[in-house]
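Subject: Structure handover

Hello,

Here is the structure for you to look through. Please open it beside this email and follow along.

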Amino acid sequence: MRVNNDVAVVGRNIRLVPYCVYHVEKFFRWVTTPNLYPHFTPMETTREFEYDLQESWVEEENQLMFIALEGNHRPCSIREEVSRMIGKVCLFYPDYNSAEVYIIIADEADRRRGYGREIL
């Protein structure tokens, strides 16, 4: 994730920002919601594990993780950014010839609104 530490990707209705430590609490709530966590992780998780995972994303060379925010607003306060979180986007690229993209829109109300298509 080092290559996107300071990168925001701005679309028409979405802003992608790097996964930061202040996103972990809301992300942890998502991954521990019974009807959501199987989509995020195949196993149950702990808060400490999620903080460790966020830190590991910062160090990885062949993975990018963004948090998807609703709206394409300019940078905002941490509180506002967390309140606008709607999902996550992971990009795994084992080499420069292939990549795997993983998109989760967490809340049911935010699904089927074209966000995943826009993220791609």
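This is a predicted model: local features need pLDDT of at least 70, side-chain atom pairs count only at pLDDT 80 or more; totals for chains, interfaces and linings use all residues.

Five of them form an open sheet, in the order 1-2-3-4-5, with antiparallel pairing. Strand 1 (9-10) and strand 5 (98-105) are the edge strands, and each pairs on one side only.

Strand 1 and strand 2 make a hairpin, with three residues between them. Two bridges join these antiparallel strands. Find V9 and you will see L16 of strand 2 opposite.

On to the next pairing. Strand 2 (residues 14-18) is joined to strand 3 (residues 63-70) by five bridges, and the two run antiparallel. R15 has L69 as its bridge partner in strand 3. P18 has F66 as its bridge partner there.

How many residues of strand 2 are buried? The count is five of the five, so strand 2 is largely enclosed by the rest of the structure. The side chains point two ways. I14, L16 and P18 point one way from the strand, while R15 and V17 point the other way. Both sets are buried.

**Helix 1**

Now look at the helix that lies across strand 3 and strand 4 (85-95). This is helix 1 (residues 24-31), and it runs at about 90° to strand 4. Helix 1 is mostly covered, with six of its eight residues buried. The six are V24, K26, F27, F28, W30 and V31.

Two of these deserve a second look. F27 has a relative accessible area of 3%, so it is buried; the cut-off is under 20%. W30 is at 4%, so it counts as buried too.

Why is the pair F27 and W30 edge-to-face? The ring centres are 6.2 Å apart and the planes sit at 65°. Planes over 60 degrees apart count as edge-to-face, so this pair qualifies.

**H23**

Step back to the loop between strand 2 and helix 1. H23 is found there. Is H23 buried or exposed? H23 has a relative accessible area of 0%, so it is buried. The H23 side chain makes a polar contact with the side chain of E81, at 2.7 Å. Leaving out residues up to four places away in sequence, H23 touches V17, P18, I67, E81, V82 and M85.

**R84**

Last stop: the loop between helix 4 (78-83) and strand 4, where R84 is found. R84 has a relative accessible area of 10%, so it is buried as well. Which residues does R84 touch, not counting those up to four places away in sequence? They are R15, A68, L69, E70, G71, N72, H73 and C76. Take L69 from that list. R84 and L69 are 15 residues apart in sequence, but 5.0 Å apart in space, C-alpha to C-alpha. L69 is also the bridge partner of R15, and R15 is itself touched by R84.

Best wishes

Methods: Residues are numbered from 1 along each chain as its sequence is written. Side-chain values use heavy atoms; hydrogens and water are left out. Two strands pair if DSSP finds at least two bridges between them. Helices (H or I, at least four residues) and strands (E, at least two) are DSSP runs, numbered from the N terminus. Contact means heavy atoms within 4.5 Å. Axes are lines fitted to C-alpha atoms, for helices over the stretch in contact, and angles run from 0 to 180 degrees between N-to-C directions. Buried means under 20% relative accessible area, exposed over 50%, partly exposed in between (1.4 Å probe, protein chains only). Rings of Phe, Tyr and Trp (its six-membered ring) pair if their centres lie within 6.5 Å; planes under 30 degrees apart count as stacked, over 60 as edge-to-face and the rest as tilted. A polar contact is a pair of N or O atoms within 3.5 Å; within protein, one must be able to donate a hydrogen and the other to accept it, and residues adjacent in sequence count only if both atoms are side-chain atoms.
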